[in-house]
Amino acid sequence: MTDSFLFSKTANAKINLNLSVLGKRPDGYHALDSLVTFAALGDELSVSSSDELSLTYKGAFASDLKSSFVVQADDLVLKAAKALQQESGTLMGALLQLTKSVPLGAGLGGGSADAAACLRLLNSFWKLDWSLEALMTLGAQIGSDVPACVMNAPCRMTGRGENVTRVDNIPLLFCVLVNPGVFVSTEEIFRMLNKPHIDKDKLDASSEPLPVFSAHETLYDYLQNTGNDLLSSAIETAPVIGLVLDAINDTGADISTMTGSGSTCFGLFKDEVSALHAKEKLKDVFPDYWGEATALKTD
């Protein structure tokens with residue numbers, strides 16, 4: 001962060017520990033049930049004073065991000081900034097700088113995490129004093145994952161993503177992340193899943209209280225029994241995802257699966273040393289893939 005950017009927020013990478021797709025709602029969105037947490041790593045959004053709203057980019061994936069837009073106004077960070085500016089009635093602007101360190105189209109929240117960081121950052125920078133709940137409500141108008149990313153703590157996400165309930169009892173976990181550099185279309189993955197109707201049994205289950213996850217084994221049992229409903233479709237689209245998961249399993253991960261609609265895969269560990277060793281092993285197997293080891297946030 002340069003001296004001109006005095007305030008910043010981390011757009012922590014979102015990780016779906018599990019993901020149940022209940023079916024398509026009448027409004028066209030899919031109903032979901034997902035236990036979500038966040039990595040200690042992520043993009044960084046910085047801000048300094050300006051009369052206008054503007055956004056610049058830097059970082060490993062900045063060029064990928066810039067080339068992904070027809071016009072910059074499509075960037076969710078700018079959409080979030082403009083929405084907060086309009087809804088709050090402030091006349092202030094902001095010079096925003098996004099350091100893009102997390103790959104795009106990876107199932108890690110990406111633009112949603114960046115937009116959520118923007119809402120939290122500008123709420124402080126503009127001294128608006130909006131509540132977390134108000135920011136989440138505004139975030140839901142920007143994207144389905146934004147409310148959970150605004151909360152930026154372990155939570156259960158239901159509905160299309162707009163219903164977010166904090167989960168306070170997640171044990172300390174470490175994670176290895178591997179992205180094979182393959183873009184997976186979320187729209188295409190959901191289409192392949194072909195769930196035109198709501199699964200009533202799963203819908204009922206989504207309203208039941210979660211187990212108490214203070215013990216790793218309880219959490220692992222829950223994740224193994226629920227899984228990620230999008231995984232098989234993602235592997236069909238990008239078979240390399242299956243190869244990455246096999247390699248993560250070979251490192252001794254307690255649990256391995258895919259986050260969101262992919263293509264990032266992850267393995268969970270109880271200690272940091274094991275996660276770091278796994279990262280090194282996977283770097284030998286996949287030297288050209290993006291990979292990181294990180295702690296997962298517990299609050």
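How many bridges join strand 6 to strand 7? The tour begins there.

This is a predicted model, in which local features need pLDDT of at least 70, side-chain atom pairs count only at pLDDT 80 or more, and totals for chains, interfaces and linings use all residues. Residues are numbered from 1 along each chain as its sequence is written, and side-chain values use heavy atoms, with hydrogens and water left out.

Select strand 6 (residues 155–159) and strand 7 (residues 163–166): four bridges join these antiparallel strands. Strands are DSSP runs of E with at least two residues, helices are runs of H or I with at least four, and both are numbered from the N terminus; two strands pair if DSSP finds at least two bridges between them. In the hairpin, three residues lie between the strands, and G161 has a positive phi near 130 degrees.

Next, colour strand 6 by burial: five of its five residues are buried, meaning under 20% relative accessible area with a 1.4 Å probe, protein chains only. Strand 6 also pairs with strand 3, antiparallel, over five bridges. Select R156, which is the bridge partner of L35 and stands opposite T165 in strand 7.

Now move to the second largest pocket, with about 180 Å³ of space. A pocket is an open set of points on a 1 Å grid over the protein atoms alone, where a 1.4 Å probe fits, with protein on both sides within 12 Å along at least five of seven lines; lining residues have an atom within 4 Å of a point. R156 is among the residues closest to the centre of this pocket, as are D33, A205, Y222 and T226.

How values were computed
Points joined across faces, edges and corners; volume = space filled by probe spheres on them. Buried < 20%, exposed > 50% of the residue type's maximum accessible area, 1.4 Å probe, protein only.
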